[in-house]
Amino acid sequence: MSTSAQSGAFHPRGRRGSPVARSLSRWLVTLVLVVVAAAALYPLMFTIINSVKSRTGYSQNPLGLPSGITFENYIDTFNRMNVLRLLLNTIITTGGGLLLSTVAALFIAYAVTKLRMPFGNFLFLFIISMLVIPSQVVIYPLYETILNLGMGGSYQGLILAYAAFGLPMSTYLLVAYFRAIPDELIEAARLDGAGDMRILFEVLLPVSTPAIAALSILNFVWMWNDLLLPLVIMGGSDKTTLMVGIALLSGQYDVSIPLISAGLIIALLPVLVVYLLFQRQILSGAISGAVR
Amino acid sequence: MNTSDIAAPALIKAGRRKRGSTRTKIVLILALVLPGLLLAILFKLVPLVRAFWLSLMQTRGFEEPSFAWFANYQSMFRDPTFLQSFQNGATVFLTLPVWVVLPLIVALLLFQRTPGWKLFRAVYFVPYMIAPVVVGIMFRQILAPEGPLNAMLIGVGLAPLAIEWLNGPTSALFSLTAVALWAFFGLGVLTYLSGLATVSQDVMEAARLDGAGFWRVLVSIAVPLIKPVIGYWTVLCMSSMLIWMFPLIYALTRGGPGSSTMLPEYLVFITTFEFLNRGKGAAIGMALFVFAALVSAFVVRRMYLDGKGERS
């Protein structure tokens, strides 16, 4: 384990701590971090740049900066794949799945942690152990079950599937969070004559915003970005989601790279906006410990 | 496995011991528990049981399935594509050390509060937010023979490396894994950083004053202190390698060329929906389930220990 030049930053007053070596290692570390950052951002930049090139502009100069900016690819994308409808479908299914999974998890977490229900821990274990069943493994029988319920190609079918697959992690986060909330808070509310629903929604919910925020962001991102569930459950119906739309668009033979780039930007923009808005919550690490 | 059956009599027994509105409490608990329980049973447990049942059936296209015991499993183990998909999976698993170590090094570089570390952290997480299918389509362009990666390699004088990344059997699997790592990397940095946040700065500082270099601090101090986080991240990487690659394969290679990027999760999909062999698809699904369940059991155990109460 020999120490290289870049190790200097770790021992400002150490043996090799001459000022020159120190600033050199500082620069090296920053250089490494900048290179990694460039690698992380380049594909996104490349796609953005291509999305504003015209078809001929792209074929003349596929890799460089565009000579002029055009939005014709975005207009084309809107014409070719009913973006607004797909966007609406994605919002409905993601929103529905998110809401249902959060409410179901809230109920279970309340019953398990605050009502002293018998076999509470067993129920908790049962719900989180559903995590061992990934969608890929059960995809056809899941589809069959949704068909049996008469929900094939419908919003409800996908919403229920999303809710079920988001449930284990949501329940875990809320149970762990509710455990840390002192029971006195609930006893006090009960003495004031509050019923269970009021305790849950007016006492517990406000104090658990960090947990709710974490699980909402987590569920939003995977539901919005998911491909397999909508691909199978929605099939070729007009209720399919943006990700399925973009996957199908990219499979068409006459699609140019500027056009598909515009489609990609449309598909990832909402998530990017959410990321910018909730950066603090996302990066604080509340989520990193609890990813599917 | 049905909790409501087991829990119901016990609920009544427990309720009787208390005075007051026992019955209302039972009704309340049932009402609270039922939605989640139904979701878990209907859309997770039932499909799993049905998948096992289906794996015992002979299915041909849309014909009525017939019971065939373990014929699907027998034909599965003789199927070279199936064997190759698991072999490919094993090859991907061999890259695990890179998945574990690379984010750790970067997290440690950030942890020493390099100027602008917050910005770097934010940038590194961007790829994870982008939908994997979008990532796949993006990289299909970047890895294209005339794409920017090869242009850069030729530009810096590494022309022999500018190959058809997605068209060679070895390079395609390598590219797929690298793209997955690109997308997953930022989550690792974030996970490590939240682990490192619990480590006392004094310990690190003391080591630095004693003249310990970067690698020394990494190996002797950081790694032992955040061992649980490293273990958790390792498990997370393993489970992603098993069940997170589907959209990437779908967008990048469709399992090809040949079946060189065929992974079990993609093979389940193709066998079921393209070859219309649902029975065999289910059998392959069960084989994948064994591995996926083994790996995620560690995550569940950690979650259970973290969230269970002292009572009951």
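This is a predicted model: local features need pLDDT of at least 70, side-chain atom pairs count only at pLDDT 80 or more; totals for chains, interfaces and linings use all residues.
1. Met130(A) sits in the loop between α5 and α6 (135-148) of chain A.

2. What does Met130(A) touch, once residues up to four places away in sequence are set aside? Its partners are Leu167(A) and Pro168(A) from its own chain, together with Ala40(B) and Lys44(B) from chain B. One of these pairings spans a stretch of sequence: Met130(A) and Pro168(A) are 38 residues apart along the chain, yet their C-alpha atoms are 6.4 Å apart in space.

3. Helix α6(A) and helix α2(B) cross at roughly 110 degrees, and their axes come within 8 Å. Since angles from 65 to 115 degrees count as roughly perpendicular, α6(A) is therefore roughly perpendicular to α2(B).

4. From α6(A) the contact uses Val137(A), Val138(A), Tyr140(A), Pro141(A), Leu142(A), Glu144(A) and Thr145(A). From α2(B) come Leu42(B), Phe43(B), Val46(B), Pro47(B), Leu48(B), Arg50(B), Ala51(B) and Leu54(B). By class, the contact of α6(A) with α2(B) has twelve nonpolar residues, one polar and two charged.

5. Now for the interface as a whole. In total, 96 residues of chain B are in contact with 93 residues of chain A. Which element gives the most to the side of chain B that touches chain A? Helix α2 (residues 22-55) of chain B does, with 17 residues. That side of chain B divides into 68 nonpolar, 17 polar and eleven charged residues.

6. Turning to chain B on its own, you will find 15 helices and two strands. The radius of gyration of chain B is 25 Å, well over the 20 Å that the globule rule gives for 312 residues, so chain B is more spread out than a compact globule. Its C-alpha trace spans about 75 × 60 × 30 Å along the principal axes. Buried residues account for 44% of the 312 residues in chain B. Of the contacts in chain B between residues at least 6 apart in sequence, 68% join residues at least 24 apart.

7. The domain assignment divides chain B into domain 1 (3-55) and domain 2 (95-262). Taken over C-alpha atoms, the centres of domain 1 of chain B and domain 2 of chain B are separated by 42 Å.

8. Helix α3 (residues 71-78) of chain B packs against helix α15 (residues 278-307) of chain B at an angle of about 75 degrees, with the axes 9 Å apart. The two helices, α3(B) and α15(B), are therefore roughly perpendicular to each other. Asn72(B), Tyr73(B), Ser75(B) and Met76(B) make the contact from α3(B), and Gly279(B), Lys280(B), Ala283(B) and Ile284(B) make it from α15(B). By class, there are four nonpolar, three polar and one charged residues in the contact of α3(B) with α15(B).

9. For chain A, the domain assignment gives domain 1 (5-76) and domain 2 (79-290). The C-alpha centres of domain 1 of chain A and domain 2 of chain A lie 33 Å apart. Their contact takes twelve residues from domain 1 of chain A and ten residues from domain 2 of chain A. On the domain 1 side, the elements that give two or more residues are α1 (19-51), α2 (55-60) and α3 (72-80) of chain A. The residues of that side of domain 1 of chain A divide into four nonpolar, five polar and three charged.

10. Finally, two backbone points to check in chain A. Asn82(A), a residue other than glycine, has a positive phi near 25 degrees. Asn82(A) is in the loop between α3 and α4 (83-114) of chain A, and it is partly exposed, with 14 other C-beta atoms within 10 Å. Phe119(A), also a residue other than glycine, has a positive phi near 60 degrees. Phe119(A) lies in the loop between α4 and α5 (120-129) of chain A, and with 18 C-beta neighbours inside 10 Å it counts as partly exposed.

Note on methods:
Residues are numbered from 1 along each chain as its sequence is written. Chains are lettered from A and ligands numbered from 1 in the order in which they are written. Axes are lines fitted to C-alpha atoms, for helices over the stretch in contact, and angles run from 0 to 180 degrees between N-to-C directions. Helices (H or I, at least four residues) and strands (E, at least two) are DSSP runs, numbered from the N terminus. Angles under 35 degrees count as roughly parallel, over 145 as roughly antiparallel, 65 to 115 as roughly perpendicular and the rest as oblique. Two residues are in contact if their C-beta atoms, placed from the backbone, lie within 7 Å. Ala, Val, Leu, Ile, Met, Phe, Trp, Tyr, Cys and Pro count as nonpolar, Asp, Glu, Lys and Arg as charged, and the others, Gly among them, as polar. Domain bounds come from an automatic or database domain assignment. A residue is buried if 20 or more other C-beta atoms lie within 10 Å of its own, exposed if 12 or fewer, and partly exposed in between; C-beta atoms are placed from the backbone. The radius of gyration is taken over C-alpha atoms; the globule rule is 2.2 Å times the number of residues to the power 0.38.
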